[in-house]
Amino acid sequence: MSGSGHADEALHLAAAFGFTGARNVIGTLWSVGDSSSMQVAAQVYRRLADRGGDTAVLAMAVDAAMRSLRGECGTNDVLRWAAYIQYGP
């Protein structure tokens, strides 16, 4: 978002969803590959399904998915696993 009222503020897509009322949003800080995103999404949704859809564990599910991806690709490939963020309570 830009303009004279927001000259020093940046708004990314995840925050925009939050401003529009989305309670929980998973986003990335930079562009990531499709395969990494599919892995993270599959793991997050699997963990949520195991908990009956309880979004209170969403941040932990994202963290676990990132740890799994980091373990698979190694800590040197930080651009692949460190981009994922969770917004919400």
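Reader: What do the buried residues of H3 pack against?

Author: This is a predicted model. In it, the buried residues of H3 pack against S1, H2, helix H4 (78-81) and strand S2 (84-87). The buried residues of H3 are Leu58, Ala61, Val62, Ala64, Ala65, Met66 and Leu69.

Reader: Why is Ser36 called buried?

Author: Buried means under 20% relative accessible area. Ser36 has 2%, so Ser36 counts as buried. Ser36 lies in helix H2.

Reader: Which residues is Ser36 in contact with, leaving aside its neighbours within four places in sequence?

Author: Leu69, Arg80 and Tyr84. Leu69 is also one of the buried residues of H3.

Reader: What makes Asp63 and Arg67 a salt bridge?

Author: The cut-off is a side-chain nitrogen of Lys or Arg within 4 Å of a carboxyl oxygen of Asp or Glu. The side chains of Asp63 and Arg67 meet at 2.8 Å, N to O, so the pair qualifies. The two residues are four apart in helix H3, so about one helical turn separates them.

Reader: How many salt bridges does a search of the whole structure find?

Author: Two. Besides the Asp63 and Arg67 pair, the side chains of Arg80 and Glu72 meet in a salt bridge at 3.5 Å, N to O. That value is also within 4 Å, so the label holds. Arg80 has 22% relative accessibility and therefore counts as partly exposed.

Reader: Why is Leu13 called exposed?

Author: Exposed means over 50%. Leu13 has a relative accessible area of 61%, so Leu13 is exposed. Leu13 is found in helix H1, residues 13-19. Its C-alpha is separated by 9.7 Å from that of Leu29, 16 residues apart along the chain.

Reader: Which residues make the nonpolar surface patch?

Author: Leu29, Trp30, Val78 and Leu79 make a patch of about 380 Å². Trp30 lies in the loop between strand S1 (25-28) and helix H2 (34-50).

Reader: What pattern does the protein chain follow along the sequence?

Author: The pattern is α-β-α-α-α-β. There are four helices and two strands. Of the 89 residues, 25% count as buried.

Reader: What is the average pLDDT of the protein chain?

Author: The average is 83, and 88% of the residues score at least 70. Among the elements, H1 has the lowest mean pLDDT (83) and H2 the highest (91).

Methods:
Residues numbered from 1 in each chain as written. Predicted model: local features only at pLDDT ≥ 70, side-chain atom pairs only at ≥ 80, totals over all residues. Heavy atoms only, no water. Patch = residues over 30% accessible without salt bridge, like charges linked within 9 Å, V, L, I, M, F, W, Y side chains within 5 Å. Areas by Shrake-Rupley, 256 points an atom, 1.4 Å probe, with all protein chains shown as cover. Buried < 20%, exposed > 50% of the residue type's maximum accessible area, 1.4 Å probe, protein only. Contact = heavy atoms within 4.5 Å. pLDDT = per-residue confidence, 0-100.
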